[in-house]
Amino acid sequence: MNDALDVSLRLVRAQTALVKRFDATLSGLHGVSLADFTMLLRLRQAPGGRMRRVDLAETLGLTASGVTRGLAPLERIGLVTRETDARDGRVAYAALTDTGRERLKDMLASAEQIAAEIFAVPLWNKEDVGHLSTLLTRLGGTGLAGHKTPPP
């Protein structure tokens, strides 16, 4: 089998396992999926805790309609609100609510715990994690805002 195909399939399988693990914990403890958490996290990182929906879609690699579908349940449970631009009513923003900010703190603590368990010593050391981060960045992966991209 082609080495590139083999590593691609391994990466897809690893991603699936990570999503399942994050989804199980975040859903069980906080009632949100990893996709919901990621959306909330991106909003928190945005200036003022809000983003135009089209920008959020681009940041997440989703379509505008995908973001709208993803935000709907978060709006219903009060974590996100829809805002319009005072100067242009056609522009829609997604904004974190105060409740969303508070709940996101708890979700973030849970996500950090999951990540710590996944990349625990002795299977992983700091250099391994840094190297993997570099390789994933080379593939187009992005992480938390404010974290330096590892050197190539």
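Arg-53 and Glu-75 form a salt bridge, with their closest N and O atoms 2.4 Å apart. A salt bridge here is a side-chain nitrogen of Lys or Arg within 4 Å of a carboxyl oxygen of Asp or Glu. This pair links distant parts of the chain: Arg-53 is in helix H3 (residues 53-60) and Glu-75 in helix H4 (residues 64-76), 22 residues apart. Helices (H or I, at least four residues) and strands (E, at least two) are DSSP runs, numbered from the N terminus. Arg-53 is buried, with a relative accessible area of 7%. Glu-75 is partly exposed, at 28%. Buried means under 20% relative accessible area, exposed means over 50%, and partly exposed lies in between (1.4 Å probe, protein chains only).

The model is predicted: local features need pLDDT of at least 70, side-chain atom pairs count only at pLDDT 80 or more, and totals for chains, interfaces and linings use all residues. Residues are numbered from 1 along each chain as its sequence is written, and side-chain values use heavy atoms, leaving out hydrogens and water.

The protein has six helices and three strands. Along the sequence they follow the pattern α-α-β-α-α-β-β-α-α. The C-alpha trace spans about 55 × 30 × 30 Å along its principal axes. Of the 152 residues, 28% are buried. Among contacts (heavy atoms within 4.5 Å) with a separation of 6 or more, 50% join residues 24 or more positions apart.

Side chains of opposite charge can pair when their charged atoms come close. The count of salt bridges comes to eight. One of them joins Glu-117 and Arg-21 (3.0 Å, N to O). Glu-117 lies in helix H5 and Arg-21 in helix H1 (residues 3-30), so the pair ties together parts that are 96 residues apart in sequence. Both residues are partly exposed, Glu-117 at 40% and Arg-21 at 37%. Another salt bridge joins Lys-105 and Glu-102, with the closest N and O atoms 3.3 Å apart. These two residues are three residues apart in helix H5, about one helical turn. Lys-105 is exposed, at 52%, whereas Glu-102 is partly exposed, at 46%.

Helix H5 (residues 98-118) also holds Ser-110. Ser-110 is buried, with a relative accessible area of 12%. Beyond its neighbours within four places in sequence, Ser-110 is in contact with Leu-26, Leu-29 and His-30. Gln-113 is in helix H5 too. Gln-113 is partly exposed, at 44%.

Asp-36, in helix H2 (residues 34-45), is buried yet has no salt bridge. The nearest side chain of opposite charge, Arg-103, is 8.7 Å away. Lys and Arg count as positive, Asp and Glu as negative; His and the chain ends are not counted. A polar atom of the Asp-36 side chain lies 3.0 Å from the backbone nitrogen of Ser-33. Leaving aside neighbours within four places in sequence, Asp-36 is in contact with Gly-70 and Leu-74.

The structure holds one aromatic pair. The ring centres of Phe-119 and Trp-124 are 4.8 Å apart and the planes stand at 75 degrees, so the pair is edge-to-face. Rings of Phe, Tyr and Trp (its six-membered ring) pair if their centres lie within 6.5 Å; planes under 30 degrees apart count as stacked, over 60 as edge-to-face and the rest as tilted. Phe-119 is partly exposed, at 30%, and Trp-124 is partly exposed, at 27%.

Technical notes: A polar contact is a pair of N or O atoms within 3.5 Å; within protein, one must be able to donate a hydrogen and the other to accept it, and residues adjacent in sequence count only if both atoms are side-chain atoms.
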